Amino acid sequence: MPAEPITFFNRLTRRIETEAVYGEGFLRFTYESTPGRLPLHAMVKRAAFSHWYGRRMDAPSSRAKIAPFLATYGVDTTEFADAPGSFRTFNEFFYRKLKPQARPIAAGQNEIVFPADGRHLVLPDIAACDDFFIKGTRFELTTLLRNTSLAARFTHGSMLISRLCPVDYHRFHFPCAGTPAVSHPIKGPLYSVNPIALRKRPSILWENKRAITPLHTPNLGEVLLLEVGATCVGSIVQTFKSGDPITKGAEKGYFRFGGSCVITIFEPGRIRFADDLIEHSRAGREVYARMGDVAAYALG
């Protein structure tokens, strides 16, 4: 049986498109085949594997991978803050900065923006979602947060899941203005967050290594910002300073090499997601959109 393609709605082109998956053959072998289970549990999910691969991407020899990567995936180099030839390693290219005008921030006072480039899925009411990637699977918020009282407070909240592919811009930003608290790391394995893996094991999103930052806002109450690591993510780097007020769209941090994910959780009754996110999420389809575009609107 041919492999099921991964499709998403591209907000920029207004079309449903098929994702070009980086390392698709390896992912499908590891997560969709019986023989692949052995290397998955023995090596791939372990931090040591990702740290080893991350070190390879920090080596000067990794610079040779940049040009072929750009050619294969058609990355727009005109957006780069630095010239493609200036990167000394593949990792430097991977967590590159962009020109400010490349990602304009939606300016409306009630507009909440995507925290990252990527493919996005929403849960308007977390507790009401019973088909998270697999029918009958509910998102385990308590496991994700490892805090029973916090999970109870956000049980009927709204969740934005932003999945970053290796081809994406890998810095993440604040979706709204506020004052961030200290970021707390939570240990876990490093499974892939690609839908190939999530269709087999949705619990990856609440099991993987992650960091959680509460953001205190003037009109949305407390917003929870989480960065989730994945296979070959060397590290999650926070660049913000806790306790200092930030503006909407300000940089929060970046991922080193690998696919990864950002999760944003809002208190119940605080926001309404954009119509295309609701429509396609109901169909189990992600929406591609860029950091700074409108993801939701504040209520009240």
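1. The largest nonpolar core has 30 residues, and Phe139, Leu144, Leu145, Met159, Ile263 and Ile265 touch the most other members. Such a core is a set of buried Ala, Val, Leu, Ile, Met, Phe, Trp, Tyr and Cys residues joined through side-chain atoms within 4.5 Å. Buried means under 20% relative accessible area, exposed over 50% (1.4 Å probe, protein chains only). Elements giving two or more residues to this core include β4 (118–123), β5 (158–164), β10 (222–228) and β13 (260–266). A second, separate core of 24 residues includes Phe174, Ile271, Phe273 and Ile278.

2. This is a predicted model: local features need pLDDT of at least 70, side-chain atom pairs pLDDT 80 or more, while totals for chains, interfaces and linings use all residues. Numbering starts from 1 along each chain as its sequence is written, and side-chain values use heavy atoms, without hydrogens and water.

3. Helix α4 (residues 66–73) buries Ile66, Phe69 and Leu70. Helices are DSSP runs (H or I, at least four residues), strands likewise (E, at least two), numbered from the N terminus. The buried residues of α4 fall within an arc of 100°, so they line one face; the arc is taken over directions from the helix axis to the C-beta atoms. Exposed Ala67, Ala71 and Thr72 sit on the face turned away. Just after α4, Gly74 takes a positive phi of about 60°.

4. An open sheet of 3 strands runs β3-β16-β14, with antiparallel pairing. Pairing requires at least two DSSP bridges between two strands. β3 (111–113) and β14 (271–273) are the edge strands. β3 and β16 (residues 294–298) share 3 bridges; Ile112 has Ala296 as its bridge partner.
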